[in-house]
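Hi,

Here is the structure I promised to pass on to you. Please open it beside this note, and then read on for what turned up.

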Amino acid sequence: MHRFAASLLRHRALTAMVWLAVAVIGVLIAPQLSGRLQSGTTLHSAAYTANQTMQTQYGGVAANPSVLVVDLPAATHVSDPQTTAALEAAGNVAQSVPGVHDISYATTHDASLVGKNGNSTLVLVYPPTAGNPVDQQVMDHMAAVITHDLPGAHVSQTGYEQLSAGNASSGGSSVITEILIGGALALLVLAWVFGSALAFLPLLSAVVSVLTMQIAIWGLTYATSIHINPAVQFIVALLGLGLSIDYSLLLVNRWREERDAGADNRSAVIASMRKAGHSVAFSGTVASLGLFALIVVPISFLQGVGLSGLFIPSIAAITALTTVPLLLDTVGPALDRVRLRRRRIETEDAPKFWTKAARRIVRRPRIAAALGSAILIALSVIGLGININNPPAGNLASTGPAHDGLVAMQNDGFPTGVLTPVPVLVPHGQDPASFAASLRGQPDIHGVLTPADPAWAHGGSSVVTVLPNTEIGTSGAGPALAEVHAHAPAGALVGGSQVQAADVAHQIGSYFPILLAVVALITFVLLARGMRSLLLPAKAVLLNVLSVGAAYGVLVLIWQHGIGSQSIWGVPATGSISAYVPMLLFGFLFGVSMDYEVFILARMREAYDRDGDTRKAVIEGIGRTGRLVTSAALILVLALTSLSMAPDPTVKMMGTGMAAGVLIDALVVRTLLTPALVVLFGRANWYLPRWAAKALFIKPDAHHAAPDAPEPAAHHTEQLAGSTQA
């Protein structure tokens with residue numbers, strides 16, 4: 001790293017020109033990225049195959065439909081000719097839009113579309129492609145036609161997709177808005193950390209980093225056939241912003257320490273790269289591989305996030321390691337000339353609060369370990385109650401037009417299961433009417449629709465739409481789907497958006513142990529090489545698993561049980577967690593939380609290699625990095641909290657879960673449990689057997705004692721005052 005830094009500074013003009021060009025290209029590419037991203041997902045399942053076949057032959061009939069709830073004028077019945085004519089007119093509006101299908105009483109004359117007392121009905125409207133709701137203008141036009149032809153009628157609109165948009169359905173935060181909010185909050189923290197204009201330097205490096213990530217993801221959409229979901233834009237922008245600032249903060253903080261110790265500016269820059277640069281590079285590698293491991297799951301959404309995640313920490317690290325030294329070498333001293341806390345920084349060896357905290361932990365490591373373990377275990381136990389399903393419709397939105405439409409639909413006597421119909425493609429040679437008759441009357445089937453509209457028949461096949469009483473894909477789905485499969489004729493394809501979602505949840509559950517094993521193994525091997533230890537990486541992997549479990553517990557409390565979700569986000573308790581969230585959260589947290597482990601342990605290792613005293617190493621490590629880690633975590637938490645303001649419910653859950661996970665990891669795991677356990681393990685932390693060193697292709701530390709050797713007697717806690725020098 002010393003040679004790299006020296007070479008970088010020798011060619012700083014060329015490096016600066018390259019990054020300036022990259023930033024300009026990033027500004028030009030960023031607006032085009034959204035057009036390259038694709039919603040939806042691909043996977044290997046029967047429901048996915050059915051949906052793709054129906055999409056090819058019939059359009060978006062496998063989607064969750066938009067629903068018009070029609071409450072008729074007094075003394076009017078659904079079967080009246082005037083009502084039927086109005087529904088037909090509304091159907092003509094839908095059919096005038098290419099690819100849009102509708103089902104109503106006018107096309108089926110089915111009693112399952114008639115509400116109680118016969119004075120209300122539903123119209124199901126399907127989009128041209130699954131994953132995209134019917135255009136709102138089309139829905140409004142259909143509603144206007146009905147109210148025009150039936151004076152006094154009231155038409156409400158609802159649908160599972162509209163409800164999923166929550167109370168923010170009328171609008172959502174853009175990527176640019178979220179970046180600006182996250183950047184502004186990060187700047188406040190950086191100003192508190194540095195107390196000088198130096199706060200702007202990590203932010204400037206982060207902007208270049210995020211723009212570079214946009215270029216990388218844009219190129220990735222051309223280089224792979226895997227779908228990159230639009231949610232990736234929010235994740236890249238805000239997670240990338242937080243990580244980039246974290247890495248830059250580590251380098252700038254070490255540069256300032258070297259300057260305060262009397263080094264000239266150029267020497268301080270090189271020393272910062274030599275001492276902290278390795279931690280940044282190592283952390284970026286571990287985090288990138290942890291995210292990249294998501295590609296082991298054969299679901300395109302997760303694979304797309306995994307591929308994108310490969311670039312987020314790595315680009316953040318590369319950008320920090322190349323832009324920060326240039327900025328420090330040129331404008332660093334000028335930015336740091338006026339400090340608000342210069343006297344305190346210059347007269348103390350380390351931040352006083354964290355040094356005192358470290359000494360308390362060293363004196364009572366068992367108490368600290370017990371306290372930290374109790375917090376993690378308690379939250380992890382709550383996390384075991386996680387319900388991985390799509391939320392019920394009633395838990396998706398508490399206000400808004402879609403919520404009002406849902407209430408009207410239920411008041412008219414319709415079950416919420418009609419929002420998640422199950423389309424069945426009946427092949428040529430099979431009788432759809434016979435299949436429909438066999439299902440009618442089943443206890444969990446509300447109705448079976450066989451529209452007379454020719455749009456629902458093609459080449460001898462036809463689509464039969466089954467309306468369940470309970471919503472498919474939720475925890476209360478009931479046996480409706482099993483009944484459909486049991487009665488489906490030979491060769492029939494059973495599909496639907498919610499059926500596919502249930503398949504996704506099943507596959508995620510099946511592959512989670514594989515992901516855990518892959519990520520844990522990669523992390524263990526990399527940390528074992530970096531820390532030259534077997535015990536430290538084993539401890540880190542175990543604590544990371546508990547940390548992720550604690551984050552699951554927070555997710556369950558906030559979203560599943562609704563503690564704070566209504567007051568903060570305006571979303572009631574969902575009763576369940578989106579199937580993608582636990583696996584995404586695991587991949588991100590397992591990789592990203594290693595940043596703080598690397599920062600702290602690298603500083604402890606540096607002190608131990610110098611003095612051979614574990615207790616002294618712990619005090620120096622926490623004293624020097626405690627404030628840095630909490631500040632970096634706070635920046636990342638603020639960025640991820642901004643992510644929770646995104647309109648996508650899955651992204652909301654991701655943002656809150658990751659923010660909670662980072663906070664727990666920084667405050668409980670890294671600054672409480674890690675130092676306590678390092679003290680308790682003593683020399684065993686640093687011991688690497690020769691066979692392990694050989695397997696890891698590194699040289700063993702022959703000068704370090706075996707794990708059962710006692711610590712030097714002179715190194716007692718009481719004699720550690722003033723020992724935390726850089």
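Below are the notes on its strands and helices.

First, the ground rules: this is a predicted model, where local features need pLDDT of at least 70 and side-chain atom pairs count only at pLDDT 80 or more, while totals for chains, interfaces and linings use all residues. Residues are numbered from 1 along each chain as its sequence is written, and side-chain values use heavy atoms, with hydrogens and water left out.

Let me start with strand β8, residues 461-468. Helices (H or I, at least four residues) and strands (E, at least two) are DSSP runs, numbered from the N terminus. Of the 8 residues in β8, 8 are buried, where buried means under 20% relative accessible area with a 1.4 Å probe, counting protein chains only. In a regular strand the side chains alternate between the two faces of the sheet. In β8, Ser461, Val463, Thr465 and Leu467 point one way, Ser462, Val464, Val466 and Pro468 point the other, and all are buried.

Which strands pair with β8? Pairing here requires at least two bridges found by DSSP between two strands.

- β5 (residues 422-426) runs antiparallel to β8 and is joined to it by 5 bridges; Pro423 sits opposite Thr465 of β8.
- β6 (residues 445-449) pairs with β8 over 4 bridges, also in the antiparallel sense, and Leu449 has Thr465 as its bridge partner in β8.
- β7 (residues 457-458) is antiparallel to β8 too, with 2 bridges, and Ala457 faces Ser462 of β8.

β6 is largely enclosed by the rest of the structure, because 4 of its 5 residues are buried. Between β7 and β8 there are 2 residues, making a hairpin, and Gly459 in the turn has a positive phi of about 60°.

There is also an open sheet of 4 strands, in the order β2-β3-β1-β4, with antiparallel pairing. Its edge strands, β2 (101-103) and β4 (154-159), each pair on one side only. On average, neighbouring strands of this sheet are turned by 20° against each other, direction ignored. β2 and β3 (residues 120-126) are joined by 3 bridges, and His101 has Tyr126 of β3 as its bridge partner.

Now the helices. How do α10 and α11 cross? The axes of α10 (residues 231-260) and α11 (residues 265-292) come within 8 Å and cross at roughly 155°. Axes are lines fitted to C-alpha atoms, for helices over the stretch in contact (heavy atoms within 4.5 Å), and angles run from 0 to 180 degrees between N-to-C directions. That makes α10 roughly antiparallel to α11, a label for angles over 145 degrees. Their crossing is right-handed, meaning that the near helix is turned clockwise from the far one by less than a right angle.

The axes of α9 (residues 200-223) and α12 (residues 300-335) also come within 8 Å, crossing at roughly 150°. α9 and α12 are therefore roughly antiparallel to each other, and α9 passes α12 in a right-handed crossing.

Last comes α14 (residues 352-363), whose 12 residues reach 17 Å from first C-alpha to last, close to the expected 16 Å; that expectation is 1.5 Å times one less than the number of residues. Its buried residues include Trp354, Arg359 and Ile361. The buried residues of α14 pack against α15 (365-383), α24 (614-643) and α25 (649-681).

Happy browsing!

Key
Buried < 20%, exposed > 50% of the residue type's maximum accessible area, 1.4 Å probe, protein only. Parallel < 35°, antiparallel > 145°, perpendicular 65-115°, else oblique.
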